[in-house]
Amino acid sequence: MIKTLSEKKSNFLIFLCWAAYTFAYVARLNYNASMVEILAQLGTTKEAAGTVSSFFFFAYGSGQLVNGLLSKRYNTKYSVALALGASSVINLSMTFCQGIESMKYLWLLNGIFQSVLWSSLIKTLSDNLADSKLSGAVMVMSTTVASGTFIAYGLAALFSFLGLSWTLIFYVAAILAGATAILWLTGMNSLQKEKRKAEITDVRKKSSLSFTPAFITGLAVILICAVTNGFIKDGITTWVPSILKEEFGMPPSLSIIVTLLLPVLSVFGTSLVNALHKKQKDENALNGIFYLASVILTGMIIFTMKLSSVPVTLLLFGGIACLMAAVNNVITSVVPLYSRDKIDSGLSAGLLNTFCYVGSTLATSLLGRIADTKGWNDVFICILIFTVVSSAVCWISVILKKKGSSAH
C-alpha cells in the first residue's frame, strides 16, 4: 500500500512540477532564442554559435542517464531546488561573457545541473500520485516545453524589437529560476507534511524489470525514436529564426516572434497523444504514425522553400513542431509514468531523455555546419532522412510484434 496525496494536493504538486520545468526551460532555451542577436553582435559562425547549445545538450543528455540511475536516492525537495538555484547563478554569469568560448563552458555547467530535473520531477509525480491522476499529470507536464519555449522566444523577440541587449533575457531567466527554487522548497515542505498524515492509499505493484527479447526490442525502437525526436525538435527550434531571416528577409525580432508560435501549436500534439493513447496502447505504433506524417511534411518543406511561400512554409514548420511534441510526450512522459510498475519512473525518464538529447546535441552543431557549407535545403534533406529511418523502424517493430502475437 502506497500513500498518495489528496486531490487538491495532487493538483498542487503537478503545478509545482510544471513550474519547475517550465522556468528551467526558459533558463536553458534563452541562449537559442537570442542566437540571431548573439551571431550579429559577436560576428561568429553558425557552427561556432551552435556549439554552445551542443555543450549544453551533451552535458544534459549524459547527466540524464546518471541522474536517472541515481534518482532513487535523491530527496527531490532539495535536488530540484539545487538544480534551479545553480541554473539561476549560471544564467546571471552569462551576462558577463564576451565570447563563445566562455559561454560554452558555462552552458555546459547549466546542462549538468538541469539534468537533475526531469527524472526527479517524474519520480516525484510517480511516487505521490494515484493512477487516476496520471493522465492529467502527463497532459500538464507535456505543456512545459511549449510554455518555456514561448516565454523564452517571446522575451527575446520583445527585447530585440525594443533594441535592448540580448543579455537582458539571461537576467530575467536567473530571476525566474531562483524564484521557482524557493517556491519548490516551500511547496514541497507543505506537501510532505500532508503526505505523512494521508490516509488515502494506492495499491501498486513494486517495479519489476524483465529483460525479455520483446522488451529489449521495444526499448531499442523507443531509443531510436528519441534520438530523432531531439534532433528534429531542437534543430527546428534553434534554426528557424535564422532560416526566416536568411531565406525570407525577416528582421530578427519578427523571425523570433514567428518562431515562438511553434510551441503554441505543439500543445495540440500533446493533446493528440492523450486522445490516441486511450485507443492505441502501443507507443511504437503511435510514434510510427507521427513520424510517417513528419516524412510527408518535411518533404513538403523542401518543395515549398523553393517557392518562397512564407505562410505555407510556416504552417509546415508548425505541423512538424506539433508532431515532434507528440513524440516527445510519448517518450518522456507516457512511457515512464504508465510503465512505473515495470521499471522505476525516474530511471526510465532519465534514460529516454538522454537519448533525446543525443539527437539535440547532433542537431545544433551538425545542422549549423550543413547550413554554413551547403545551405538550408540540405538541412531539411538531412532531417528527412532521420524521419524516414524512424518511421520505418517503428512500423517494422509493430509488424513483427503482431506476427509474434499471432504465432502464439
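Student: Where is Asn-329, and is Asn-329 buried or exposed?
Tutor: Bear in mind that this model is predicted. Asn-329 has a relative accessible area of 3%. The cut-off for buried is under 20%, so Asn-329 counts as buried. Its place is in helix H14, residues 310–338.

Student: Which residues is Asn-329 in contact with, beyond its neighbours within four places in sequence?
Tutor: Leave the sequence neighbours aside and take heavy atoms within 4.5 Å. The partners of Asn-329 are then Val-138, Ser-142, Thr-270, Val-273 and Val-334.

Student: Step back to the whole chain. How many helices and strands are in it?
Tutor: Count both kinds of element along the protein chain. The totals are 16 helices and 2 strands.

Student: How does the radius of gyration compare with the globule rule?
Tutor: For 408 residues the rule gives 22 Å. The chain is close to that, so it is as compact as a globular protein of that length. Its C-alpha atoms fill a box of roughly 60 × 55 × 30 Å along the principal axes. The radius of gyration itself is 21 Å.

Student: What share of the residues counts as buried, and what share of the contacts joins residues at least 24 apart?
Tutor: Of the 408 residues, 57% count as buried. For contacts, consider those between residues at least 6 apart in sequence. Of these, the share joining residues at least 24 apart is 86%.

Student: Now helix packing. At what angle do H1 and H8 pack, and what is their arrangement called?
Tutor: H1 covers residues 7–33 and H8 covers residues 144–161. Their axes lie 7 Å apart, at an angle of about 40°. Roughly parallel needs an angle under 35 degrees. H1 and H8 are therefore oblique to each other.

Student: How do H1 and H4 pack?
Tutor: The axes are 11 Å apart, and the angle is about 25°. The crossing of H1 and H4 is left-handed. That of H1 and H8 is right-handed. By angle, H1 and H4 are therefore roughly parallel.

Student: Which residues make the contact of H1 with H4, and how do they divide by class?
Tutor: From H1 come Ala-20, Ala-24, Ala-27, Asn-30 and Tyr-31. From H4 come Val-80, Leu-84, Ser-87, Asn-91 and Met-94. They divide into 7 nonpolar, 3 polar and no charged.

Student: How many charged residues does the contact of H1 with H3 have?
Tutor: The two axes come within 9 Å and cross at roughly 150°. Tyr-21, Arg-28, Tyr-31 and Asn-32 of H1 meet Ala-49, Val-52, Ser-53, Phe-56, Phe-57 and Tyr-60 of H3. Of these, 7 are nonpolar and 2 polar. The charged count is 1.

Student: Where is Ser-71, and what is its relative accessible area?
Tutor: Ser-71 is in the loop between helix H3 (46–70) and helix H4 (76–94). Ser-71 is buried. Its relative accessible area is 0%.

Student: What separates the C-alpha atoms of Ser-71 and Ala-349?
Tutor: Along the chain, Ser-71 and Ala-349 are 278 residues apart. Ser-71 also touches Ser-119, Lys-123, Asp-344, Gly-346 and Leu-347. The C-alpha separation of Ser-71 and Ala-349 is 10 Å.

Student: Which residues does Thr-124 touch?
Tutor: Thr-124 is found in helix H6, residues 117–128. At a relative accessible area of 3%, Thr-124 is buried. Beyond four places in sequence, Thr-124 touches Leu-13, Thr-76, Trp-184 and Met-188.

Student: Last one: which residues does Ile-236 touch?
Tutor: Ile-236 is in helix H10, residues 213–248. Its relative accessibility is 5%, which counts as buried. Its C-alpha atom is 9.5 Å from that of Leu-262, 26 residues apart along the chain. Beyond four places in sequence, Ile-236 touches Leu-262, Phe-317, Ile-320, Phe-380 and Ile-383.

Conventions
Residues numbered from 1 in each chain as written. Predicted model: local features only at pLDDT ≥ 70, side-chain atom pairs only at ≥ 80, totals over all residues. Heavy atoms only, no water. Axes fitted to C-alpha atoms, helices over the stretch in contact; angles between N-to-C directions. Helix = DSSP H or I, 4+ residues; strand = E, 2+ residues; numbered from the N terminus. Parallel < 35°, antiparallel > 145°, perpendicular 65-115°, else oblique. Left-handed = near helix turned anticlockwise from the far one by under 90°. Rg over C-alpha atoms; globule rule 2.2 N^0.38 Å. Buried < 20%, exposed > 50% of the residue type's maximum accessible area, 1.4 Å probe, protein only. Nonpolar A, V, L, I, M, F, W, Y, C, P; charged D, E, K, R; others polar.
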